[in-house]
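Here's a quick briefing to read with the structure open beside you. Start with one definition, then work through the topics in order.

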Amino acid sequence: MDLTDWLRKEHRLLIGGQWVPSVSGQTFAAENPATGEPIAHVAAADAADVDKAVQAARQALHSGRWSGYTPTERSRFLFKLADLIEANQTELAALESLDNGKAITHASFVDLPMVIDMFRYMAGWCSKIEGRTIPISAPFAPGARFHAYTRKEPTGVVGLIIPWNFPLLMAAWKLAPALAAGCTVILKPAEQTPLTALRLGELIIEAGFPEGVVNILTGFGETAGEALVNHPGVNKIAFTGSTCVGKQIVTAAATDLKKLSLELGGKSANIILEDADVEAAIVGAANGIFFNQGQTCTAGSRLYVQRKHFDRVVDGIAKVVANLPIGPGNQPDTFIGPLVSEAQMNRVLEYIEAGKTAGARCVFGGKRHGNVGYFVEPTLFVDVQPGMSILEEEIFGPVVCAIPFDTEEEVIALANSSCYGLAAGIWTRDISRAHSMASRLEAGTVWINCYNICDSAMPFGGYKQSGWGREMGMEAIELYMETKSVCILL
């Protein structure tokens with residue numbers, strides 16, 4: 001595929017297996033965050049398009065066009081899609097880098113391999129979804145004998161609303177288990193990054209998926225996203241994004257008690273203990289916050305360092321950052337690309353200024369990089385106090401607060417003081433201490449002597465206001481299933 005020609009073409013909505021313009025005829029621009037220039041125009045879906053997509057998904061569901069396939073048949077479609085993604089891996093990575101701004105090396109060697117693996121992993125689950133038989137006593141019916149069992153059935157039509165920080169990967173995290181479970185779906189990518197979802201739709205058609213099983217609507221949250229959440233024909237919403245929007249979805253879903261799974265914000269604590277391999281921890285802490293420009297829900301944005309090594313760690317991270325190339329994502333040596341949009345850049349810069357105003361000291365970074373595109377310098381604050389917004393709130397940018405601590409009890413309390421609980425990191429040579437601390441941290445994932453390691457088989461999700469449910473692993477399949485009990489008098 002010639003990427004330039006592909007970008008120039010008319011980008012429509014995928015509804016019922018056909019590429020169609022939006023009912024309103026409206027479009028919007030996708031832009032390159034490295035330049036701020038538009039690179040493509042895509043259809044802007046609204047409530048009318050959502051209604052058409054839901055009808056198509058429901059027709060596919062009730063016709064048995066998908067759930068009626070045998071598990072082996074469904075798995076073949078998912079394996080075929082994984083093969084097509086792999087065959088087009090280079091172009092998809094380039095498109096992701098262009099649309100999102102992320103480094104092409106990260107898109108090529110992190111995002112795309114995980115996307116491919118996710119579809120293959122979930123393809124294997126199609127034939128592993130099982131009910132069970134249950135011996136029941138029925139004490140109110142003495143002498144009667146019963147045969148009781150459970151069935152696992154697809155939840156139905158699912159709305160998948162994904163964020164802009166890992167557009168194709170987040171699509172895979174939701175599409176793969178939903179399809180493996182037998183659901184039909186409407187995928188709504190973020191308006192900032194619609195392009196890889198559209199290319200994925202082309203590959204879904206090429207893989208031969210039945211019409212209406214996967215529908216893709218590009219559009220804005222307040223129009224397409226809100227209409228999807230409110231539509232009575234949608235049985236479940238799976239959302240990844242901010243905690244603020246997640247709460248709005250909870251309120252909206254209460255009207256008809258839609259099922260929800262929510263992967264929301266984070267303010268993750270990364271803890272370096274005095275017995276750690278300090279040099280490894282320095283590199284790990286830098287990667288933990290500056291990977292993907294800090295636009296990662298698990299970003300290690302609260303860095304707690306035992307006082308003995310505090311100055312060494314701060315100086316070490318400054319040296320690491322000095323060697324991280326900043327530039328457009330499509331340049332092969334780039335590590336720090338632009339933030340995804342002007343609005344996101346301004347939001348991060350406002351947090352940085354708020355930190356300075358509140359009295360935190362900026363050790364390095366702290367401003368916009370250049371005057372073209374949406375680049376923000378990697379930034380580290382010290383002298384941070386409780387109550388400061390840079391410590392309490394999710395910034396979603398390359399900003400870290402480094403804080404010294406003295407005792408293990410102190411740092412556990414500090415780490416758990418956040419309203420979020422998505423992830424945490426521990427750096428120590430003491431394996432017993434590592435396990436003990438991991439059990440006490442209120443986080444859905446705890447990394448020990450590593451950071452940001454994810455796998456299709458390892459459940460991912462958060463405590464507290466970081467969300468509901470777990471993605472990846474067996475737990476992800478459960479998000480898209482209903483359990484039915486059947487009881488027969490013998």
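This is a predicted model: local features need pLDDT of at least 70, side-chain atom pairs count only at pLDDT 80 or more; totals for chains, interfaces and linings use all residues.

Buried here means under 20% relative accessible area, exposed means over 50%, and partly exposed is anything in between, using a 1.4 Å probe and protein chains only. Residues are numbered from 1 along each chain as its sequence is written, and side-chain values use heavy atoms, with hydrogens and water left out.

**Overall build**

- The chain has 16 helices and 22 strands, which are DSSP runs numbered from the N terminus (helices: H or I, at least four residues; strands: E, at least two).
- The radius of gyration is 24 Å, close to the 23 Å that the globule rule gives for 490 residues, so the chain is as compact as a globular protein of that length. That radius is taken over C-alpha atoms, and the globule rule is 2.2 Å times the number of residues to the power 0.38.
- Along its principal axes, the C-alpha trace spans about 70 × 65 × 40 Å.
- Buried residues make up 56% of the 490 in the chain.
- Of the contacts (heavy atoms within 4.5 Å) with a separation of 6 or more, 73% are between residues 24 or more positions apart.

**Cysteines**

- Counting a disulfide as a pair of cysteine sulfur atoms within 2.5 Å, the total comes to zero.
- For Cys 126, the nearest cysteine sulfur is that of Cys 183, 11 Å away, and Cys 126 is in no disulfide.
- Cys 244 is in no disulfide either; its nearest cysteine sulfur belongs to Cys 419, 12 Å away.

**A buried strand residue**

- Thr 445 sits in strand β19 (residues 445-448) and counts as buried at 7% relative accessibility.
- Leaving aside neighbours within four places in sequence, Thr 445 is in contact with Leu 422, Ala 423, Ala 424, Pro 459, Phe 460 and Gly 461.

**Positive phi without glycine**

- Phe 396 has a phi near 60°, a positive value in a residue other than glycine. You'll find Phe 396 in the loop between α13 (389-392) and β16 (399-405), where it counts as buried at 17% relative accessibility.
- Lys 464 isn't a glycine, yet it has a positive phi of about 50°. Lys 464 belongs to strand β20 (residues 463-464) and is partly exposed, at 36% relative accessibility.
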